[in-house]
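Let's take a walk through this model, going from its ligands to the strands and helices of the protein. Keep the viewer open as you read.

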Amino acid sequence: MAALRTQVGIIGAGPAGLLLSHLLHLTGIDSIVIESQTRQHVEERIRAGVLEQGTVDLLIEAGVGDRLEREGLVHHGVWLRFAGRSHHIDLTGLTGGKSITVYSQHEVVKDLIAARLSAGGQILFGAAEASVHDIDGTRPTICFRRDGAEHELACDFIAGCDGFHGVSRTSIPSGVLSAYERIYPFAWLGILAEAPPASDELIYARHERGFALFSMRSPKLTRLYLQCAPDEDIANWPDDRIWQELHARLEDQGGWRLAEGPVLQKGVTGMRSFVVEPMQHGRLFLAGDAAHIVPPTGAKGLNLAVADIRVLARAFAEFYAGEGTERLERYSETCLRRVWKVQRFSWWMTSMLHRFAEHDDFQRHMQLAELDYVAGSRAAATALAENYVGLPMEPAGL
Ligand code: APR
Ligand code: PHB
């Protein structure tokens, strides 16, 4: 068994694990990242792509925002489309100058991996069968297999950044965690198309045929989603059927038309809201999707992971600076306050914009009235805008 030693052992090279390793490096704290997949896999894994103001500011402050600033698409508003009409939400005007940036999650991952490796950081890709041990003691370990050999990584703390299906959360003894979950009775069929985006801002559409979302990746790439059945078989969706449905759900009476193009990638994603409490047990700290999942309607998954990591990095910095464990002890409580607010916003957007088969006409009118209120009330539009650009992160600054 090859023995390794570090201060913080991190499981998972997603945005949470990589950003933590980078922020710890900036404060002189050692870490090693264990990742089951290959570098290519994590760098090419297509996920969402909307960054809150606070996420953008943090990545720039942390010195990993150059490409984001060059290639990210800054948006000052979003569109709500329902009952054939379009309504603009002025994000920047309603939030005192904040905006969102469209920049793919896998590009953020690429930037963080490049920064870690160029700083001599260790990311052990292809680490299989990871397991977590002695988290109740003062010398927890992570065991894993790599290149045909067994390895044991001894550390002071373990950061479980291994997503919903990782080993970290499940290694916490039963009875310790409380889980809260809502599984939605629909999914999203998403496509990436080589088509010039017909709108320069995102469009969230509530339609009798179901929800649809117009987004983008670049001036050449459009990203589109439509509501489908939770167990939808993508084989039933030839490209022309997808386009037909997107035209029907996204186009309005004002003459806006969707531009088509070759479909480069398509897939179906399930939708759930999930939170575990607490987000820490002994020397194991959960962050990002390992502790919580949001439905994609609010574009919050990545941003919530970044918010957790900001709190955790600050808490480790305090500990290793010999300033005590107060922030570590308050980590879970601090994160969960924001997690639940973001869960509420994501659930609200999902409830307001999707077609629920079990809804009767009264409930459908309630949905439309809610959308009409948001579109017509500065107060309600401001509430949406301040959640969409990102609620304040705790604590401010790095
Ligand atoms: N051992 C090692 N690595 C693992 C294991 C394991 N047993 N299980 C999972 N991993 C790795 C995955 O391969 C992945 O690279 O952990 C990483 C977790 O990354 P993400 O799933 O991206 O989670 P997180 O970093 O919390 O980022 C949250 O990701 O899924 C999106 O919508 C979500 O945007 C949100 C963001
Ligand atoms: C995306 O661009 O992939 C995207 C945008 C907004 C969302 C979800 C996904 O709410």
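A few ground rules come before the tour. This is a predicted model, so to speak of local features we need pLDDT of at least 70, and side-chain atom pairs count only at pLDDT 80 or more, while totals for chains, interfaces and linings use all residues. Residues are numbered from 1 along each chain as its sequence is written, chains are lettered from A and ligands numbered from 1 in the order in which they are written, and side-chain values use heavy atoms, with hydrogens and water left out.

Start at ligand 1. Its shell holds 24 residues, and the closest are E35, R45, R47, Q105 and L302; a residue gets in if one of its heavy atoms lies within 4 Å of the ligand. Which residues make polar contacts with an oxygen atom here? A polar contact is a pair of N or O atoms within 3.5 Å; within protein, one must be able to donate a hydrogen and the other to accept it, and residues adjacent in sequence count only if both atoms are side-chain atoms. E35 is one of them, with a polar side-chain atom 2.6 Å from a ligand oxygen. On its own, ligand 1 exposes 710 Å², and the protein buries 86% of that (accessible areas are from the Shrake-Rupley method with a 1.4 Å probe; for residues, only the protein chains shown count as cover). By class, the shell splits into ten nonpolar, nine polar and five charged residues. Here Ala, Val, Leu, Ile, Met, Phe, Trp, Tyr, Cys and Pro count as nonpolar, Asp, Glu, Lys and Arg as charged, and the others, Gly among them, as polar. Helices α1 (15-26) and α8 (301-320) each supply at least two shell residues; helices (H or I, at least four residues) and strands (E, at least two) are DSSP runs, numbered from the N terminus.

Now hop to ligand 2, which has 14 residues around it, the closest being Y204, S215, R217, Y225 and P296. A polar side-chain atom of Y204 lies 2.7 Å from a ligand oxygen, and a polar backbone atom of P296 is also 2.7 Å from an oxygen atom of ligand 2.

Next, look at strand β13 (residues 157-160). F157 and A159 on one side and I158 and G160 on the other are all buried, meaning under 20% relative accessible area (1.4 Å probe, protein chains only). β13 pairs in the parallel sense with β2 (residues 8-11) over four bridges; strands pair if DSSP finds at least two bridges between them. Three bridges join β13 to β20 (residues 284-286), again parallel. G160 links up both ways, with I11 as a bridge partner and L286 opposite it in β20.

Elsewhere, four strands form an open, mixed sheet in the order β1-β12-β11-β10. β1 (2-5) and β10 (128-133) stand at the edges with a single partner strand each, so one side of each lacks a neighbour in the sheet. β11 (141-146) and β12 (149-154) run antiparallel, joined by six bridges, and I142 has L153 as its partner in β12.

Finish at helix α3 (residues 53-61), where Q53, T55, V56, L58 and L59 are buried. Just after α3, G63 takes a positive phi of about 80°.

Definitions and conventions:
Buried < 20%, exposed > 50% of the residue type's maximum accessible area, 1.4 Å probe, protein only.
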